[in-house]
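Subject: Structure for you to look at

Hello,

Here is the structure I promised to pass on. Please open it next to this email and follow along.

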Protein chains: 2
Amino acid sequence: MKNNGKSNGWIRKVSPALKPPSLSDNTADVDRLIKGLKKVLDTKEVHVDLSLAGKVPSSLRRWEYHVSAFVYQEHDSWHLIDIKDARDGEKFLGLALDLGSSTLVLRLMDLETGERIDETSFHNPQIEIGADILTRIHFATREGGLSRLQGMLIDRLNEEIKALTQKQGMGQTSIMGMSVAGNTTMTHLFLGLNPYGICREPYIPVVNRIGLILSRELGLAVNPGAPVLVAPNVGSYFGGDLIAGILASGMNRQSEISFLVDVGTNAEVVIGNREWLMACAGAAGPALEGGVADMGMMAGPGVIDRVVIDPVTREFRIGTIQDRGHTDGLGDERPVGICGSGLIDLAAQLFVAGMIDLRGKFVEAACGDRLVEMDGTRHLVVVSAEDSGTGHALTLSQTDIDGLIRSKAAMYTILTTIANTVNISFTQIAKFYVAGTFGSYIDPRSAITIGMIPDLPLETYVSLGNTSLEGAGLALLGTEAREALFQIRDQITYLELNVNQEFMNLFSAAKFIPHTDRSLFPTVAIGDGS
Amino acid sequence: MKNNGKSNGWIRKVSPALKPPSLSDNTADVDRLIKGLKKVLDTKEVHVDLSLAGKVPSSLRRWEYHVSAFVYQEHDSWHLIDIKDARDGEKFLGLALDLGSSTLVLRLMDLETGERIDETSFHNPQIEIGADILTRIHFATREGGLSRLQGMLIDRLNEEIKALTQKQGMGQTSIMGMSVAGNTTMTHLFLGLNPYGICREPYIPVVNRIGLILSRELGLAVNPGAPVLVAPNVGSYFGGDLIAGILASGMNRQSEISFLVDVGTNAEVVIGNREWLMACAGAAGPALEGGVADMGMMAGPGVIDRVVIDPVTREFRIGTIQDRGHTDGLGDERPVGICGSGLIDLAAQLFVAGMIDLRGKFVEAACGDRLVEMDGTRHLVVVSAEDSGTGHALTLSQTDIDGLIRSKAAMYTILTTIANTVNISFTQIAKFYVAGTFGSYIDPRSAITIGMIPDLPLETYVSLGNTSLEGAGLALLGTEAREALFQIRDQITYLELNVNQEFMNLFSAAKFIPHTDRSLFPTVAIGDGS
């Protein structure tokens with residue numbers, strides 16, 4: 001997506017026409033610059049920081065009054081970020097950051113053309129303190145804990161920023177703006193705000209809507225005058241990453257009703273259109289990400305992401321992630337584990353092949369000698385020790401399947417509950433957007449087969465990839481997109497999921513493959529196990 | 001003058017009504033505070049700094065949501081300075097500073113009532129670097145010079161601020177705002193801006209209009225979130241001290257035309273009313289301040305500030321400054337020198353008694369044995385060695401009088417030139433405001449007698465004292481006064497004094513006592529020396 005940063009972005013490079021001072025025009029240097037900026041920006045207020053004011057006179061003289069000014073807008077005022085020699089014609093850059101609790105993705109962008117220049121992703125260094133967010137929240141309340149958590153984040157970001165800019169032969173001060181989207185806790189840790197209240201009744205963040213922050217306040221190694229835009233949170237359990245995701249999906253601009261779902265440990269769901277938006281979040285459990293299965297692991301080379309079982313021969317065709325991506329057949333990489341999308345495929349194929357029944361239990365007759373007993377639990381051998389990349393057989397236990405079914409049932413129940421709340425039936429859904437890197441690997445056909453998502457035409461499902469990063473990028477480039485971020489936040493109604501009797505009834509009904517009410521999944525083939 | 005700070009000041013203390021959060025109202029703490037502030041301030045934008053946001057949650061809980069918020073307005077937005085426990089009911093304070101090149105005056109004010117609480121004046125610590133401003137400008141261009149000059153100023157101010165607040169039993173963080181008025185160079189040195197361009201053609205300051213600055217940017221020991229208002233300059237030779245002076249005089253609100261004159265080394269003159277203002281500044285020479293006379297010195301105990309000569313007996317009655325102020329007669333303090341106002345009195349009385357002629361030359365016959373020859377120049381013994389506090393005779397030389405006459409002629413010429421430029425005759429002047437501590441000691445009758453100021457009814461002359469400090473105080477307290485400061489600055493036309501033939505002709509004509517054109521001074525008695 002191209003931006004129109006030059007004409008209507010909120011971070012701009014402008015070149016005011018300045019005449020050198022003379023005895024007949026002895027306007028002060030900073031006032032002269034401000035006057036020029038007001039004219040070119042057609043605005044009444046331009047603010048120049050004291051720290052910048054000091055460098056204006058010598059710079060203007062050195063550059064013979066050929067100045068490029070980098071400015072940003074907040075409310076009705078423009079603020080000077082920095083000035084450079086207009087004759088250099090250097091690029092001016094920005095950063096969009098997806099501030100994930102496990103993975104951070106940093107995108108370097110050209111703020112003049114809106115182009116992506118480069119991108120890097122890396123583990124959140126706070127994993128050293130705790131992989132889960134609650135451990136970090138507790139750590140933050142310790143003496144010095146909060147600043148340690150913030151410090152390790154900023155330090156790591158600064159290393160990556162340095163590497164990204166050096167690769168382009170650019171200085172870090174060429175980065176004139178940054179946009180950040182993360183969940184509420186990560187946003188707090190990034191800003192050095194205590195997340196204590198987030199996980200305790202009544203679940204109060206320090207702040208949901210924070211104004212622009214100067215990069216120097218955060219110690220970020222970009223231009224010290226660069227503004228940092230932080231995507232606003234709806235509340236403790238619905239963060240700026242999802243608001244950015246809605247922006248990236250465009251569902252807030254469409255007349256038709258869409259779903260936006262981010263699948264993870266938490267299932268985060270938004271339904272709505274340009275008139276209204278409702279959101280909720282609920283624990284779906286880590287099973288959907290493959291995180292808890294015996295053979296489960298995060299996506300990476302050798303990890304199973306596609307499974308096809310011949311419904312007649314019950315022969316397994318296993319796809320693994322290659323160094324360069326995915327394949328459909330058995331690749332060079334021997335399988336070492338399974339990721340979430342592979343697990344959903346596997347469960348769907350086992351059901352279609354009649355190897356598990358509608359309760360998700362192994363069907364002995366169909367599984368044959370693939371079924372083994374280990375530690376008192378039945379396991380299905382997915383990959384034999386000989387074919388495995390680990391030297392051991394890769395197996396799926398009954399417990400793994402039970403966990404997956406609880407998770408998919410939770411997801412389907414959340415979708416049903418929010419749709420019921422707004423009195424919308426699934427057939428009225430024009431688009432079902434799936435967000436997140438993990439979500440982009442899920443085969444909607446398999447997810448429908450196990451009854452995780454509604455049985456809608458496959459073209460309804462659209463995988464959007466990293467919407468948090470994408471939304472952060474859009475908000476960095478465009479004034480309207482930035483405003484939309486806050487409009488979405490204010491427009492959204494957050495549905496507090498009450499785990500009441502009705503919810504539990506829906507959940508129980510969804511704990512079957514695909515569902516107790518088969519009429520909800522007319523396209524799902526019924527395997528031998530039914 | 002009372003302010004109405006509580007109702008319409010730009011720095012305010014407000015107490016938003018906040019309800020504690022609950023599961024049914026889980027607005028984030030900072031958002032909750034902002035919402036409350038928007039309501040009580042009836043505004044759309046309230047900005048909370050990241051550094052303050054972090055302390056909001058624990059403070060609100062500790063104070064059970066009874067919060068006093070200190071806020072300031074800039075453009076259409078309000079900014080949070082700090083929060084305190086509303087139940088404490090502590091005073092909230094402000095500082096007005098007259099940033100003189102020789103003397104600094106700091107006034108502590110109650111921002112709620114507008115009352116002056118205390119005041120202190122002290123020498124500018126930069127005098128150590130150089131008594132005159134040019135030496136400091138040169139020093140500022142040396143390596144580290146600028147930050148040294150700024151540092152000594154800030155350090156000294158911080159000491160004085162500490163002493164002022166401790167005397168009141170208050171903490172320095174109770175100071176929620178500050179307002180500063182100084183000349184252009186002093187303003188630059190206070191802000192750490194290089195004054196290099198001020199004294200070099202084409203005489204360009206770094207900045208004339210600077211927005212509010214946070215005290216922490218300057219290292220001032222007041223509340224770190226307190227805004228610092230700096231009175232704007234017109235240009236290199238017409239600074240914020242004079243703009244503040246115009247505000248304090250009120251001439252910018254009157255329909256009648258007034259003069260405002262600040263007498264010093266530079267004669268700074270403003271003429272105008274609520275419709276228009278014209279200003280100019282010119283070198284009057286240090287003679288008017290008594291600075292260069294042999295017996296000249298700054299006002300202080302034992303310094304002559306009043307002289308009366310009996311026109312018949314030619315007996316001298318000498319008034320000196322006592323420890324507690326001025327007297328009319330000969331006090332306990334023996335005279336040690338003469339200050340500017342004393343010198344003007346002395347010259348006027350010498351003229352009236354016929355002891356100097358209209359060219360200012362000693363009239364031997366009238367001076368008698370008071371006239372002595374020293375170092376080839378004629379001197380008049382004002383105080384004999386026996387009566388003097390120094391053990392030596394205090395004398396006035398012909399050179400001293402010549403200097404005084406040049407200075408008074410320069411002053412009168414500047415007044416004439418600016419009045420001619422706007423085509424106003426002196427008789428149209430309703431008020432002639434005299435600004436400055438030095439100006440307040442001048443006897444208008446004596447100044448008229450020597451032809452330094454126009455021969456207007458004495459009630460036209462109004463001594464205003466420290467208008468720079470007074471104006472800074474007004475701008476600190478009131479929104480309208482603050483706006484007026486910038487309106488005055490934008491409204492004023494600066495008259496560049498061209499020392500051309502016409503000016504020189506006027507100057508030559510004014511180099512007589514009172515003037516070559518005696519009809520300009522009808523009330524001046526002609527002494528024997530005429």
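Leaving aside its neighbours within four places in sequence, which residues is Asn252(A) in contact with? Try to find them before you read on.

One caution comes before the answer. This is a predicted model.

**Asn252(A)**

Start in the loop between helix H9 (240–249) and strand E11 (258–262) of chain A, where Asn252(A) is found. Its contacts beyond four places in sequence are Ile246(A), Leu247(A), Asn273(A), Arg274(A), Leu277(A), Ala484(A) and Ile488(A). Is Asn252(A) buried or exposed? The relative accessible area of Asn252(A) is 11%. Buried means under 20%, so Asn252(A) is buried.

**Chain A as a whole**

Now zoom out. Chain A has 16 helices and 23 strands. Along the principal axes, the C-alpha trace of chain A spans about 100 × 50 × 45 Å.

How much of chain A is buried? Of its 530 residues, 59% count as buried. The accessible surface of chain A comes to about 21300 Å². Carbon and sulfur atoms hold 49% of that surface.

Next, look at contacts along the sequence. Take those in chain A between residues at least 6 apart. Of these, 65% join residues at least 24 apart.

Charges come next. Chain A carries 46 positive and 62 negative side chains. The centres of the two sets lie 7 Å apart.

**Where chain A meets chain B**

How many residues of chain A are in contact with chain B? There are 38, and they touch 38 residues of chain B. Together the two chains bury about 2900 Å² between them. Of this buried area, 62% is on carbon and sulfur atoms. On the chain A side, Leu50(A), Ile204(A) and Val206(A) lose the most area to chain B. These three account for 21% of what that side buries.

His75(B) gives you a contact across the two chains. Look for it in the loop between strand E3 (67–74) and strand E4 (77–85) of chain B. Leaving aside neighbours within four places in sequence, His75(B) is in contact with Glu45(A) and Ser77(A). His75(B) counts as partly exposed, at 39% relative accessibility. Now compare sequence and space. His75(B) and Gly451(B) are 376 residues apart in sequence. From C-alpha to C-alpha, they are 47 Å apart in space.

Lys55(B) lies in the loop between helix H3 (50–53) and helix H4 (56–62) of chain B. With a relative accessible area of 33%, Lys55(B) is partly exposed. Beyond four places in sequence, Lys55(B) is in contact with Asp82(B) and Ile83(B). Lys55(B) and Ser15(B) are 40 residues apart in sequence and 17 Å apart in space, C-alpha to C-alpha.

Last stop: Ser446(B). Its place is in helix H14 (residues 444–449) of chain B. Is Ser446(B) buried or exposed? At 4% relative accessibility, Ser446(B) counts as buried. Not counting residues up to four places away in sequence, Ser446(B) touches Ile344(B), Asp345(B) and Ala348(B).

Best wishes

Note on methods: Residues numbered from 1 in each chain as written. Chains lettered and ligands numbered in written order. Predicted model: local features only at pLDDT ≥ 70, side-chain atom pairs only at ≥ 80, totals over all residues. Heavy atoms only, no water. Helix = DSSP H or I, 4+ residues; strand = E, 2+ residues; numbered from the N terminus. Buried < 20%, exposed > 50% of the residue type's maximum accessible area, 1.4 Å probe, protein only. Contact = heavy atoms within 4.5 Å. Areas by Shrake-Rupley, 256 points an atom, 1.4 Å probe, with all protein chains shown as cover. Lys, Arg positive; Asp, Glu negative; His and termini not counted. Charge placed at Lys NZ, Arg CZ, Asp CG, Glu CD. Buried area = accessible area lost by both parts, 1.4 Å probe.
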